[in-house]
Amino acid sequence: MPAALAGTRLLSRWLFGVSPADPATFGLFAVTSFALSVFALFSQLGLGASVVRDRGEVDRGRLDALFTLQLAVVAAFALVMTAIAPVLASATGDTGLGWLVIALAAALVLLSLRSVPAAMQERDLAYGAPV
């Protein structure tokens, strides 16, 4: 946990030039990073788990359908987030919040692209007794 906090501080300083002495901006970045983690977890919709647990061979058509469904749902959610971003920025008086919400929406779309391939890789792992 301390390593994750240190990594977040370094990343925020490198990407946004946020000084550790500016707690408001760093807090905004930390909350947005946490929200990205939570939304990425829930954006999988359980589809990856269904691929991993499915017995037998998974056909390409099903994988394509799962990928398309997940991408469509996450893209719709990202569009809603992008539309709400200016409202949040004006309500809080912080233009940086709007841009962070837009970046969060884009990151969610990018994260959704890896879920089906990651599930297929997890499915192919052979769990056995440690040697």
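The following legends describe close-up views of a predicted model.

**View 1. Salt bridge between Arg60 and Asp64 in helix H4.** The side chains of Arg60 and Asp64 form a salt bridge, with an N to O distance of 3.4 Å. A search of the whole structure finds one salt bridge. The two residues lie four positions apart in helix H4 (residues 60–92), so about one helical turn separates Arg60 from Asp64. Side chains of opposite charge can pair when their charged atoms come close. Arg60 is exposed, at 62% relative accessible area, whereas Asp64 is partly exposed, at 37%.

**View 2. Helix H4 along its length.** H4 comprises 33 residues and spans 46 Å from its first C-alpha to its last, close to the 48 Å expected at 1.5 Å a residue. The helix is kinked by about 35 degrees at Ile84, shortly before the proline Pro86. After H4 comes Gly93, which has a positive phi near 75 degrees.

**View 3. Buried residues of helix H4.** Leu63, Leu66, Gln70, Val74, Ala78, Met81, Ala85 and Ala89 are buried in H4. An α-helix has 3.6 residues a turn, so residues three or four places apart point the same way.

**View 4. Arg114 in the loop between helices H5 and H6.** Arg114 occupies the loop that lies between helix H5 (95–112) and helix H6 (115–123). With a relative accessibility of 47%, Arg114 counts as partly exposed. Arg114 and Phe67 are separated by 47 residues in sequence and by 9.2 Å in space, C-alpha to C-alpha.

Methods: Residues numbered from 1 in each chain as written. Predicted model: local features only at pLDDT ≥ 70, side-chain atom pairs only at ≥ 80, totals over all residues. Heavy atoms only, no water. Buried < 20%, exposed > 50% of the residue type's maximum accessible area, 1.4 Å probe, protein only. Salt bridge = Lys/Arg side-chain N within 4 Å of Asp/Glu carboxyl O. Expected span 1.5 Å × (residues − 1). Bend = angle between axes of the 7 residues up to and from the residue.
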